[in-house]
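Here's a quick walk through a structure, one region at a time. Have the sequence and the 3D view open as you read.

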Amino acid sequence: MDHDFAALVDEDDEFEQVARSIRADDKPSVWVLTDVLDEQGKAVAADLGADAMYHSLDVASEQSWDDAVTAAVGHFGRIDGLVNNAGVVKFAPLLQTSLDDYRRQIDINQRNSRFLSHSAG
């Protein structure tokens, strides 16, 4: 395949802008767009055409990463590059932060990078 390949992860309301700005260079590329915003992700992938696909992904789940990587390799044959743009922040004093909220932030902001590297490696 004569393409560069990247996976895009984005979990905020700028999903479409990020995808389009990366695609803006004239370099041939194919994209696997991943998010929890399924309808928006599918629409952006459809708009980008045959060189893009969408896969639903919870970045805090190692199994979800494994599934996304499997889908990407199954569809395009390989992975050459990765873009991980996921992150969350909750502004609250630590003593007022629930353990579930704290764990979710750790899973998304820290563990997710390990999940991606391990799944794609």
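R104 and D58 pair through their side chains in a salt bridge, with 3.5 Å from N to O. This one ties together distant parts of the chain: R104 sits in helix α4, while D58 is in the loop between β3 and α3, 46 residues apart. Bear in mind as you look that this is a predicted model.

How covered are the two partners? R104 has a relative accessible area of 37%, so it counts as partly exposed. D58 comes in at 26% relative accessibility, so it is partly exposed as well.

Another of them joins D101 to K90, whose closest N and O atoms are 2.5 Å apart. Again the pair links distant parts of the chain, with D101 in helix α4 and K90 in the loop between β4 (81-84) and α4, 11 residues apart. D101 is partly exposed at 28% relative accessibility, and K90 is partly exposed too, with a relative accessible area of 40%. K90 also has Q105 to look at: the two are 15 residues apart in sequence, and their C-alpha atoms are 7.9 Å apart in space.

Then there's a pair within the helix itself. The side chains of R111 and D107 meet in a salt bridge at 2.8 Å, N to O. Both residues lie in helix α4, four residues apart, or about one turn of the helix. D107 is at 17%, and buried means under 20%, so D107 counts as buried. As a general point, side chains of opposite charge can pair when their charged atoms come close.

## The largest nonpolar core

Which residues make up the largest nonpolar core? It has nine residues in all: L57, V59, A60, W65, A68, A86, I108, F115 and L116. Two elements, α3 (62-76) and α4, each give two or more residues to this core. The largest share comes from α4, with three residues. In soluble globular proteins, nonpolar side chains tend to be buried together.

L94, L99 and Y102 make a nonpolar surface patch of about 330 Å². One of them, L99, lies in helix α4 (residues 99-120).

Now over to strand β2, residues 29-35. Why is this strand described as largely enclosed by the rest of the structure? Because seven of its seven residues are buried. S29, W31, L33 and D35 point one way from β2, while V30, V32 and T34 point the other way, and all are buried.

Which way do β2 and β3 pair, parallel or antiparallel? Strand β3 covers residues 52-56, and the two strands pair in the parallel sense over five bridges. Between the strands in the chain comes helix α2 (residues 38-48), and β2, α2 and β3 together make a right-handed β-α-β unit.

Definitions and conventions
Residues are numbered from 1 along each chain as its sequence is written. This is a predicted model: local features need pLDDT of at least 70, side-chain atom pairs count only at pLDDT 80 or more; totals for chains, interfaces and linings use all residues. Side-chain values use heavy atoms; hydrogens and water are left out. Buried means under 20% relative accessible area, exposed over 50%, partly exposed in between (1.4 Å probe, protein chains only). Two strands pair if DSSP finds at least two bridges between them. A crossover is right-handed if, with the strands pointing away from the viewer, the path from the first strand over the helix to the second runs clockwise. Patches are made of residues with over 30% relative accessible area and no salt bridge: like charges are joined within 9 Å, nonpolar side chains (Val, Leu, Ile, Met, Phe, Trp, Tyr) within 5 Å. Accessible areas come from the Shrake-Rupley method with a 1.4 Å probe; for residues, only the protein chains shown count as cover. A salt bridge is a side-chain nitrogen of Lys or Arg within 4 Å of a carboxyl oxygen of Asp or Glu. A nonpolar core is a set of buried Ala, Val, Leu, Ile, Met, Phe, Trp, Tyr and Cys residues joined through side-chain atoms within 4.5 Å.
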